[in-house]
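Open the model in your viewer and keep the selection panel at hand.

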Amino acid sequence: MRVGENLPSESFEQLAIPHFERLYNFACWLTHDRQEAEDLVQETYAKALKGFSSFQPGTNFRAWIYKILRNAFLTSRTGLKATATVPLDLEDEEEALLATKETPETILLQRWDEQLLRQAMEGLPVAYREILLLCEVEELSYQEISATLVIPMGTVMSRLSRARKALRGGLQQQFAKRVN
Amino acid sequence: MVCESWKAKLDTYLDREVPEEELRAFDTHVRSCPSCSADALARVQMKRAIQIAGKRYTPSAEFRKRIQQKIASKPLRSFGLGWTFAAAAAAIIVVGTLTSVYLGTRSGRDQVFSEIADLHVATLASASPVDVISTDRHTVKPWFQGKIPFAFNLPELQNSEFTLLGGRMTYLDQTPGAHLIYDVRKHHISVFVFQERSLPARLDENLVSPKKQPFNLETWSQVGLRYFVIGDTSAADIDGLAKLFKQAS
């Protein structure tokens, strides 16, 4: 049985509660607001509970509940605002890296600063932020991310690659701001 | 050109999203290619940093309670199997809990091993791998005094193939420790010493390194200190140096 897949006999509570803290963390990153994140998580659990009869036992509950949370976010006021400001050509966007000898990795290694990285992550467009969080923090597989975001596997890989590149650019910008 | 094709898929390899056979080929290449090795290390560091920075928000106990109350005692699936089901469910919970504890411990342990391997590689790749350069243990040992919150002994290396190159301070999960570098037949070995109680994961005695590690590693606890000996040399060399340290402590 793969990570995230559930036993067919488990109740909603047994399946849903282990994801609570991670869902809340993910919601906070999406909304940038703890109160909104609480509302989002609450809405997610309410929708998931209501729709649990449509959930196929033995399939991936984790991807299913993240998908509900993400959809709830996208239809919220904050979500609509966030996605409205994302450039339409996001998938083709190339990040211009600053001309500096410091690479993002050396910045992190030599001047470890969690705040710097968080600022860079917060500054990412929501499409990049969410895929990066799902992969690196929530440790979802590409297949789970594909199911959660409803995008093909190829898009998962290309978007993830661009998200990482954008983060590197953001990190360099944050670092340059601090130096200047 | 060979490296370019590896590097193009580096993130996918590090995400472990390629077939096992390809992963093994990648591991073999990285071990023999300093450029890909450095690139892979940098990306692993970045992944780890994102993981740490990303786990930022914790829900309040009150909010957790509220959610639990909302979804508690609402079993949606009735299986009608009475006590048989209850017993099976209890067994699943027990097994699940034990598995979670095991996986949690293993995950923490693997993370420590990965950190140690990263420290070893990153130091050797550095332009100045040691802060105190000396082959004399009587010079290296006193250098750590006042820099780390414990003392330790360094072994006598006469009649052995090992040579002490020097030492530096290091940190493992914000815990200060000593990092010593030895040489044996042109291979470098790192020895790390930390206070056992300060480490993030509890490590058992006689642990072997995880299969994914391209290094040989030995670790043990002695008089409240946790030792790690790691290097790309043979297991016998690692064990030989570990024995010298055990005798000296």
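Predicted model: local features only at pLDDT ≥ 70, side-chain atom pairs only at ≥ 80, totals over all residues.

**Confidence in chain A**

Residues are numbered from 1 along each chain as its sequence is written, while chains are lettered from A and ligands numbered from 1 in the order in which they are written.

Select residues 20-31 of chain A. This is helix α2, with the highest mean pLDDT among the elements of chain A, 95. Helix α6 of chain A (104-110) has the lowest, 57. Helices (H or I, at least four residues) and strands (E, at least two) are DSSP runs, numbered from the N terminus.

Next, residues 92-101 of chain A. Here pLDDT stays under 50, and the model has 14 contacts beyond four places in sequence. Two residues are in contact if their C-beta atoms, placed from the backbone, lie within 7 Å.

**Where the chains meet**

Show both chains. The contact takes 36 residues from chain A and 34 from chain B. On the chain B side, α2 (10-14), α4 (34-54), α5 (61-71) and α6 (82-125) each give two or more residues. The largest share, 10 residues, comes from α4(B).

**Helix α8 of chain B**

Select residues 235-248 of chain B. This helix, α8, has 14 residues and reaches 20 Å from first C-alpha to last. That is close to the 20 Å expected at 1.5 Å a residue, where the expected span is 1.5 Å times one less than the number of residues.

Which residues of α8(B) are buried? They are B:Asp237, B:Ile238, B:Leu241, B:Ala242 and B:Phe245. A residue is buried if 20 or more other C-beta atoms lie within 10 Å of its own, exposed if 12 or fewer, and partly exposed in between; C-beta atoms are placed from the backbone.

Look down the axis of α8(B). The buried residues fall within an arc of 135°, so they line one face; the arc is that of the directions from the helix axis to the C-beta atoms. The face turned away carries the exposed B:Ala236 and B:Gln247. Now show β3 (175-184), β4 (187-195), β5 (216-222) and β6 (225-231) of chain B, which are among what covers the buried residues.

**Two loop residues**

Most residues other than glycine have a negative phi. Select A:Glu139, in the loop between α8 (126-137) and α9 (142-149) of chain A. Its phi is near 55°, a positive value. Finish at B:Asn159, with a positive phi of about 65°. B:Asn159 is exposed, with 5 other C-beta atoms within 10 Å.

Methods. pLDDT = per-residue confidence, 0-100.
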